[in-house]
Amino acid sequence: MENTVFQTFSTRILLLLVAGGTGAISRYFLSAWLNQAAWCGKPWGILVCNLLGCFLFGMLSVILTRNFSPEVKLIILTGFLGAFTTFSTFAFDIVDLLNESRYVTAFASLFGHNFFGILLTACGLCVGKWIS
């Protein structure tokens, strides 16, 4: 019995690795292509990836929940879209909180992720410059 659980766990990990790698490569090429486009340029490539990922996460979460196993949902949402953009998961969680009428938590999370994410990115850049 333990061997079956391990094989299932190993298979899930392998599928997550493949799906995550595919998602990361897709994000890289799509954002690089858009950033190179004369009409687009940086940072619009990653914005398109984030927005596309949000739409796909919302749509696929419903379709996969209704029609597929939890494993398929895990591989596509966590693996592919999780690597394509973590922003889609963040946005989905905020909408989920709003749907549950947990408005204070939703707005605290929204503010916290954005404000502190930007603040800590700036701090990280300063520390990186100081160290090197």
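**A close look around E71**

A: In this predicted model, E71 has a relative accessibility of 33%, so the residue counts as partly exposed. E71 forms a salt bridge with R12, and the closest N and O atoms of the two are 2.6 Å apart. Because E71 lies in helix α3 and R12 in helix α1 (residues 2–36), the pair ties together parts that are 59 residues apart in sequence. R12 is partly exposed as well, its relative accessible area being 31%. Side chains of opposite charge can pair when their charged atoms come close.

The count of salt bridges comes to two. Besides the pair of E71 and R12, the side chains of R102 and E100 meet in a salt bridge, at 3.3 Å from N to O. R102 is partly exposed at 42% relative accessibility, and E100 is partly exposed at 44%.

Helix α3 (residues 70–84) also packs against α2, at an angle of about 175° and with the axes 10 Å apart. An angle over 145 degrees counts as roughly antiparallel, so α2 is roughly antiparallel to α3. The contact of α2 with α3 has eleven nonpolar, three polar and one charged residues. On the α3 side, the residues include V72, K73, I76 and L77; on the α2 side, S61 is one of those taking part.

S61 is found in helix α2 (residues 44–67). With 7% relative accessibility, S61 counts as buried, because the cut-off for buried is under 20%. Leaving out residues up to four places away in sequence, S61 touches L56, K73, L77 and F92.

Definitions and conventions:
Residues numbered from 1 in each chain as written. Predicted model: local features only at pLDDT ≥ 70, side-chain atom pairs only at ≥ 80, totals over all residues. Heavy atoms only, no water. Helix = DSSP H or I, 4+ residues; strand = E, 2+ residues; numbered from the N terminus. Buried < 20%, exposed > 50% of the residue type's maximum accessible area, 1.4 Å probe, protein only. Contact = heavy atoms within 4.5 Å. Axes fitted to C-alpha atoms, helices over the stretch in contact; angles between N-to-C directions. Parallel < 35°, antiparallel > 145°, perpendicular 65-115°, else oblique. Nonpolar A, V, L, I, M, F, W, Y, C, P; charged D, E, K, R; others polar. Salt bridge = Lys/Arg side-chain N within 4 Å of Asp/Glu carboxyl O.
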